[in-house]
Amino acid sequence: MPVRPNRASLTASMLAGALLLSGCFAGSPGTGTADRLNVGMAFQPAAEMSPYSDDAVLLSKLGVTETLTSLDPDGTPRPALAESWEQIDPVTLRMTLRPGVSFHDGTPLTAEHAAAALHDAATATTPPRALKGVELSAAATGERTLEVSTATPDPILAQRLTAPGLAILAPSAYREDPTAPDPVRAATGPYVLDSVQGAASATLSANREYWGGAPKASGVDARFIADGASRANALRAGEVDIIDTVPVSQLPTITGHQVLDFPLPRLVSAHLNTRKGTLSDPALRAAARDAVHPAQITAGVYAGQADPAKGLFGPASTWAAEPPAPQHETAPATPQGQPIRIATYDERPELPEIASVVAENLRSAGFTVENVVVQEYSTLESKLLRGDYDVVIGTRSYGIDTGDPVGYLSTDWTCGGSYNLSMLCDPALDAAVAEAGAADAEQRKQAAMRIAAQVLAHDAVIPLAHERTRIGVAPGVHGVAEDSFDRRLITAETVPGA
């Protein structure tokens with residue numbers, strides 16, 4: 001089985017990635033092969049394709065990994081590797097696997113394999129975010145049946161199992177490092193991950209034994225092209241068939257190609273550091289909130305190609321159409337030159353532009369913007385999570401882990417949240433999230449809107465825009481997934497162009 005590159009080779013591959021960003025694709029695997037798909041992905045792997053990281057979404061979008069359940073567009077769980085399930089008691093689902101599924105290494109999928117994969121995810125040093133606050137266990141009860149349980153009742157367990165980080169992998173994936181399973185030739189999806197060239201590219205072949213039917217393409221050559229203009233150039237030049245996340249600035253240049261455009265459950269926002277630095281003062285956060293003008297961003301940076309942000313949840317969530325207004329308790333102070341440090345990442349080209357607009361808004365209000373740091377996300381992540389900056393401009397899917405808004409609120413806005421960029425900690429808010437976590441699906445949505453209003457009342461975040469995704473597709477290519485949860489892109493039905 002091919003071994004993923006170590007850290008040293010990853011550094012070398014980053015250099016290769018720089019060549020890709022310049023538009024030099026000569027000699028890339030698969031280029032010029034008519035029955036293969038060439039794909040330009042916006043985000044580079046941050047953890048060597050470990051499914052226990054955000055790389056799980058890359059694996060899912062490339063058609064490599066699958067989970068026991070999947071999400072419909074409305075967020076309802078549907079069959080995937082599990083063909084059916086039933087609630088047998090308040091804490092347990094009995095699941096039946098679909099027949100005829102094999103891993104990419106040829107091992108037939110059994111309930112013991114599925115249970116072991118879930119166990120390893122649940123006991124990992126850093127479990128997938130979907131398991132935050134959940135004590136999950138799984139045990140096989142037959143060749144194709146397993147029981148998945150939680151320590152306390154979990155109304156969204158079937159939804160939770162849709163999270164890309166809970167992909168079911170073969171036993172071989174865990175041999176080298178159980179804490180970071182290797183998905184190379186170890187998953188169940190329509191495409192087999194054959195090799196990963198660090199942060200530069202990945203090579204995939206068709207899984208001809210795929211349970212859903214043989215894929216239409218013979219393989220996929222994926223390039224991780226962080227620069228949006230370079231992705232668009234590659235599409236125009238015919239070097240790739242599909243690019244995800246077409247930058248708004250590149251839309252006028254994408255002629256003769258199809259652009260799929262639909263709303264995402266994704267918020268573009270300015271996180272304000274509530275714990276450290278200048279904006280730990282609630283009055284100065286209120287001043288920052290008043291200083292920033294989101295309408296300038298949707299009209300200017302996005303040229304009207306993003307939806308105005310009314311709150312944390314956007315138009316992709318029809319249940320959030322009329323959010324309650326936040327009750328701000330702190331009056332804004334007048335800034336007296338207090339220093340502000342801003343950070344963002346460059347995989348989405350709109351973000352540095354947005355950071356510039358926000359910086360100018362804050363300067364005009366009387367803050368001193370010391371610097372605006374723009375780096376690759378993989379380089380920046382640890383600093384963001386440490387709270388090294390006063391303002392973080394970012395984009396975040398609130399449906400990416402489970403499709404459940406309460407799960408997003410827990411990871412991003414509670415004291416122990418694993419992605420709490422605003423460093424917010426309010427015991428009352430934590431209690432509200434915990435209470436919502438025990439509610440059923442419809443009640444959770446209503447509670448989520450109330451909790452979002454509490455977050456906004458702290459001025460912990462300034463909602464700027466709700467993104468729409470734009471996927472660039474070359475002529476003749478069809479069958480690209482339009483997934484509002486941003487988990488699927490390449491499927492067995494994706495057909496290469498002529």
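Student: How many disulfides does the structure hold?
Tutor: The structure holds 1 disulfide, where a disulfide is a pair of cysteine sulfur atoms within 2.5 Å. Keep in mind that this is a predicted model, in which local features need pLDDT of at least 70, side-chain atom pairs count only at pLDDT 80 or more, and totals for chains, interfaces and linings use all residues. Residues are numbered from 1 along each chain as its sequence is written, and side-chain values use heavy atoms, with hydrogens and water left out.

Student: Which cysteines form the disulfide?
Tutor: Cys 415 and Cys 425, with their sulfur atoms 2.0 Å apart. The link of Cys 415 and Cys 425 is right-handed, with 95° about the S-S bond. Both Cys 415 and Cys 425 lie in the loop between helix H10 (405–413) and helix H11 (427–436), so the pair ties together parts that are 10 residues apart in sequence. Helices here (H or I, at least four residues) and strands (E, at least two) are DSSP runs, numbered from the N terminus.

Student: And is Cys 415 buried, exposed or partly exposed?
Tutor: Cys 415 counts as partly exposed, at 28% relative accessibility. Cys 425 is partly exposed too, with a relative accessible area of 44%. The scale is: buried under 20% relative accessible area, exposed over 50%, partly exposed in between (1.4 Å probe, protein chains only).

Student: OK, helices next. At what angle do H10 and H12 pack?
Tutor: About 25°, with the axes of H10 and helix H12 (residues 441–457) 9 Å apart. Axes are lines fitted to C-alpha atoms, for helices over the stretch in contact, and angles run from 0 to 180 degrees between N-to-C directions. H10 and H12 are therefore roughly parallel to each other. For the labels, angles under 35 degrees count as roughly parallel, over 145 as roughly antiparallel, 65 to 115 as roughly perpendicular and the rest as oblique.

Student: Which residues of H10 and H12 meet?
Tutor: From H10 there are Pro 405, Val 406, Leu 409 and Trp 413, and they meet Arg 444, Lys 445, Ala 448, Ile 451 and Val 455 in H12. Contact means heavy atoms within 4.5 Å. By class, the contact of H10 with H12 has 7 nonpolar, no polar and 2 charged residues. Ala, Val, Leu, Ile, Met, Phe, Trp, Tyr, Cys and Pro count as nonpolar, Asp, Glu, Lys and Arg as charged, and the others, Gly among them, as polar.

Student: What about H11 and H12, at what angle do they pack?
Tutor: H11 and H12 pack at about 170°, and their axes are 10 Å apart. That makes H11 roughly antiparallel to H12. The H11 residues Ala 428, Leu 429, Ala 432, Val 433 and Ala 436 meet Arg 444, Ala 447, Ile 451, Gln 454 and Val 455 in H12. This contact divides into 8 nonpolar, 1 polar and 1 charged.

Student: Switching to H7. Which of its residues are buried?
Tutor: In helix H7 (residues 294–301), the buried residues are Ile 297, Thr 298 and Val 301. Seen down the axis of H7, they fall within an arc of 110°, so they line one face of the helix. The arc is taken from the directions from the helix axis to the C-beta atoms. On the other side of H7, Ala 295 and Ala 299 are exposed.

Student: What do the buried residues of H7 pack against?
Tutor: Strand E13 (307–308), helix H8 (350–365) and strand E17 (461–473).

Student: Where is Thr 469, by the way?
Tutor: Thr 469 sits in strand E17. Thr 469 is buried, with a relative accessible area of 8%. Not counting residues up to four places away in sequence, Thr 469 touches Leu 260, Asp 261, Phe 262 and Leu 264.

Student: Last topic, backbone angles. What is the phi of Glu 48?
Tutor: Positive, about 55°, although Glu 48 is not a glycine. Glu 48 is found in the loop between strand E1 (36–41) and helix H2 (55–61), and Glu 48 is buried at 17% relative accessible area. Thr 245 also has a positive phi, near 60°. Thr 245 is in the loop between strand E11 (242–243) and strand E12 (258–272), and at 12% relative accessibility Thr 245 counts as buried.
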